[in-house]
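User: I have a structure here that is new to me. Can you walk me through some of its features?

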Amino acid sequence: IFVFLIVQGYQHTSNLKKYLVRLFIFAVISEVPFDLMGSNQLFSMGHQNIFFTLFIGVAGLAVLEHFEMKNQILPQIVALILSIFTAELLNTDYGWYGILFIFGVGILRDQKIGQTLFGVVMGTGQLLIASLAFLPIWFYNGERGRQNKWFFYFYYPAHLFVIYLIRQYLII
């Protein structure tokens, strides 16, 4: 669902630069609670949160689309490879798999059947239950629902911090 929503955000944003900056800022903000939860350290370069994966995926997708409009295949392949390499180098959540998932859903975003089949196959590769996420996505009508985007941006680091606090409480 994260991948589908990030591609929807990319597709419908009125300002790609602001979208990328927002993703990067929340990647940095989320890193402290992510590291506290995962390694009990304030900052660790061992593993980076999913916002970094989402940021790299959207940036790579934008580069791919730029060269797609110019019918240049090689730079598109390079965009995918560099995105995968960057995610793996930084050891982001879901790494190469997350990037490939974002690119696939992004490339197939106007092909509902292809996108769903791709999502089911990729979801099965991670966890069989992840494929079920594409059931509600199949019924998505393309209309923006009522939402508060800032809630979701702040929810991620907040819930990580709550998990860290619960873990601290249970360990003591």
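User: Is Phe 51 buried or exposed?

Analyst: Phe 51 counts as buried because its relative accessibility is 7%; buried means under 20% relative accessible area, exposed over 50%, and partly exposed in between, with a 1.4 Å probe and protein chains only. This is a predicted model, where local features need pLDDT of at least 70 and side-chain atom pairs count only at pLDDT 80 or more, while totals for chains, interfaces and linings use all residues. Residues are numbered from 1 along each chain as its sequence is written, and side-chain values use heavy atoms, with hydrogens and water left out.

User: Where is Phe 51?

Analyst: Phe 51 is in helix H3. Helices are DSSP runs of H or I with at least four residues, numbered from the N terminus. The C-alpha atom of Phe 51 is separated by 8.3 Å from that of Asp 93, 42 residues apart along the chain.

User: Next, Tyr 94. What is phi there?

Analyst: Phi of Tyr 94 is near 70°, a positive value in a residue other than glycine. Most residues other than glycine have a negative phi. Tyr 94 sits in the loop between H4 and H5 and counts as partly exposed, because its relative accessibility is 45%.

User: And what about phi of Asn 71?

Analyst: Asn 71 also has a positive phi, near 55°. Its place is the loop between H3 and H4, and at 67% relative accessibility Asn 71 counts as exposed.

User: Pockets now. What is the volume of the largest pocket?

Analyst: About 1,200 Å³, a volume being the space filled by probe spheres set on grid points, which are joined across faces, edges and corners. A pocket is an open set of points on a 1 Å grid over the protein atoms alone, where a 1.4 Å probe fits, with protein on both sides within 12 Å along at least five of seven lines; lining residues have an atom within 4 Å of a point.

User: Which residues lie nearest its centre?

Analyst: Of the 33 lining residues, Leu 5, Gln 8, Gly 9, Gln 147 and Lys 149 lie nearest the centre of the largest pocket. H1 supplies the largest share of that lining, seven residues.

User: What about the second largest pocket, which residues lie nearest its centre?

Analyst: Ile 1, Phe 2, Val 3, Tyr 94 and Phe 101 lie nearest the centre, among 20 lining residues. The second largest pocket has a volume of about 400 Å³, and H5 gives the most to its lining, with four residues.

How values were computed: Helix = DSSP H or I, 4+ residues; strand = E, 2+ residues; numbered from the N terminus.
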